[in-house]
Amino acid sequence: PGPIDILNADGPGAQIAAKRYGAKNLSILDVTSPTLWEKGVKACIRRSQEGKCNTVVVDTFTLLVNNVLAMEMSNHFDKWDIWRETLQHAMKGLNALLQNLQAHLFVIVHHDLNDGLVNIKGGTKKDLPAIIHDRVHMEYRHGKDPARVYHVGSSADGMSGGRFASE
């Protein structure tokens, strides 16, 4: 439900298709640095508490971690320290959203089609699935009706039972 705040790490214009297909009441922040991630998280929490947004979307957490945060951390740290700091920044923001947001939260993540594991580097790969209770997996079936099928569950492929399992 809207209004919707989007913390966009996919690059400028990534939500053009959503707008084209009728999405309204979107507030988009292009997250291009750890500082903007932190400010965006705080703004979304504040706006939800003020009743100014009903849904927050992090699109995509994959690129936020792998590109935005890790690239900045590589400018200041070496080797394993890069990923330790990346994990700290990523999870600090996500945990703040989970604990303080008074709105729906959708965290979009790319995953490997073969094993269903999230395509995030470093320790975040293990921590993210541990704190997200339900996964929605979209299956696109070319030439079939319906073309898009959504599976809800707690497993890596989104197909097993979760708290609210359905198909």
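This is a predicted model: local features need pLDDT of at least 70, side-chain atom pairs count only at pLDDT 80 or more; totals for chains, interfaces and linings use all residues.
Of its 167 residues, 32% count as buried.

Now trace the chain. The protein has five helices and six strands, and from the N terminus on they follow the order β-α-β-α-β-α-α-β-α-β-β. How far apart in sequence are the residues that meet? Among contacts between residues at least 6 apart in sequence, 55% join residues at least 24 apart.

An α-helix has 3.6 residues a turn, so residues three or four places apart point the same way. With that in mind, find the buried residues of α3: Phe61, Thr62, Leu64, Val65, Asn66, Val68, Leu69, Ala70 and Met73. What covers them? The cover includes the helices α2 (34–49), α4 (80–100) and α5 (124–131), along with the strands β3 (55–59) and β4 (104–108).

Strands β3 and β4 turn up again in the second largest pocket, where they, β1 (4–8) and α1 (16–20) each supply at least two residues of the lining. This pocket has a volume of about 280 Å³. Its lining has 14 residues, and the closest to the pocket centre are Ile6, Ala18, Val57, Asp59 and Ile108. Strand β3 gives the largest share of the lining, three residues. By type, the lining divides into eleven nonpolar residues, two polar and one charged.

Notes
Residues are numbered from 1 along each chain as its sequence is written. Side-chain values use heavy atoms; hydrogens and water are left out. Buried means under 20% relative accessible area, exposed over 50%, partly exposed in between (1.4 Å probe, protein chains only). Helices (H or I, at least four residues) and strands (E, at least two) are DSSP runs, numbered from the N terminus. Contact means heavy atoms within 4.5 Å. On a 1 Å grid over the protein atoms alone, a cavity is a set of points where a 1.4 Å probe fits but cannot get out, and a pocket is an open set with protein on both sides within 12 Å along at least five of seven lines; lining residues have an atom within 4 Å of a point. Grid points are joined across faces, edges and corners, and a volume is the space filled by probe spheres set on the points. Ala, Val, Leu, Ile, Met, Phe, Trp, Tyr, Cys and Pro count as nonpolar, Asp, Glu, Lys and Arg as charged, and the others, Gly among them, as polar.
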